[in-house]
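Me: I would like to learn how to read a protein model. Please take me through one, feature by feature.

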Amino acid sequence: VQNSASSIPSQVKGKKRERGDQSTEPVKRERTTKTDDVDSGHSRLDSNLKSETAKITEKGGLIDSEGVERLLQLMLLDRNEKKVDLAGRSMLAGVIAATEKMDWLNRFVQLRGLPVFDEWLQEVHKGKIGDGSGPKDGDKTVEEFLLVLFRALVRLPVNLHALQMCNIGKSVNHLRTHKNLEIQKKARGLVDLWKKRV
């Protein structure tokens, strides 16, 4: 009885040592994984957006009605989670800018894609969005985003009903006094185009 009792603690001690040795390594691994996740969070989201848009596009433009719905889901995911940066938004707007088939552009307007673009414009106007990497870089990124968004808006069949759904007319009108001359010109051209249609 004494032999068996004395052998049990030594086995337990051995197991404790093994566990102690093993438990320190996974903790270290977990820590590095967590910091990697933080650093690569944006890049993973960007690559996810790229792969998702690749599934619904051909030559950059939408290929079917389901693609229009999926694009809007990606845009609304941005609204819910606030994780898509300006580059991601530019990519999503670029899909509309590259879409040539009027059916899909009409579908985008019918499914209330215009109010999402309006929200994005208002956030830019209020200074709520930018990558925060510095004022000059931020301005440049915002300007690039606005130019892509204008290319998308020019393609869309925006009529009176679409303009009444949201404040996109006002949002674009604000940009007629933007410090970038090209953005001013595009905003004026878009407002004139919409006035003719209405």
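Predicted model: local features only at pLDDT ≥ 70, side-chain atom pairs only at ≥ 80, totals over all residues.

Me: How many helices and strands are in the protein chain?

Reply: Helices (H or I, at least four residues) and strands (E, at least two) are DSSP runs, numbered from the N terminus. The protein chain has nine helices and two strands, and their order along the sequence is α-β-β-α-α-α-α-α-α-α-α.

Me: What share of the 198 residues is buried?

Reply: Buried means under 20% relative accessible area, exposed over 50%, and partly exposed in between, with a 1.4 Å probe and protein chains only. In this protein chain, 36% of the 198 residues are buried.

Me: Which residues have the most contacts inside the largest nonpolar core?

Reply: A nonpolar core is a set of buried Ala, Val, Leu, Ile, Met, Phe, Trp, Tyr and Cys residues joined through side-chain atoms within 4.5 Å. The largest one here has 47 residues, and F117, L153, L156, I168 and V172 have the most contacts inside it. Helix 6 (residues 135–155) gives the largest share of this core, nine residues.

Me: What does L153 touch beyond its neighbours in sequence?

Reply: Contact means heavy atoms within 4.5 Å. Leaving aside neighbours within four places in sequence, L153 is in contact with L114, F117, L121, V158, I168, V172, L190 and W194.

Me: Is F117 buried or exposed?

Reply: F117 is in helix 5, and it counts as buried because its relative accessible area is 0%. Not counting residues up to four places away in sequence, F117 touches M75, A93, I96, F108, L149, A152, L153, L156 and I168. The C-alpha atoms of F117 and N167 are separated by 10.0 Å, although these residues are 50 apart along the chain.

Me: How far does helix 5 reach from its first C-alpha to its last?

Reply: The expected span of a helix is 1.5 Å times one less than its number of residues. Helix 5 has 13 residues and reaches 19 Å, close to the 18 Å expected. Of those 13 residues, 10 are buried, including G113, P115, W120 and E123. Just after helix 5, G127 takes a positive phi of about 75 degrees.

Me: What is the volume of the largest pocket?

Reply: Rolling a probe the size of a water molecule over the atoms shows where empty space is left. On a 1 Å grid over the protein atoms alone, a pocket is an open set of points where a 1.4 Å probe fits, with protein on both sides within 12 Å along at least five of seven lines; lining residues have an atom within 4 Å of a point. Grid points are joined across faces, edges and corners, and a volume is the space filled by probe spheres set on the points. The largest pocket has a volume of about 210 Å³.

Me: Which residues lie nearest the centre of the largest pocket?

Reply: They are V124, H125, V142, L146 and H178, out of 13 lining residues. Helix 5 (113–125) and helix 6 are the elements that give two or more residues to this lining, and helix 6 gives the largest share, four residues.

Terms used. Residues numbered from 1 in each chain as written. Heavy atoms only, no water.
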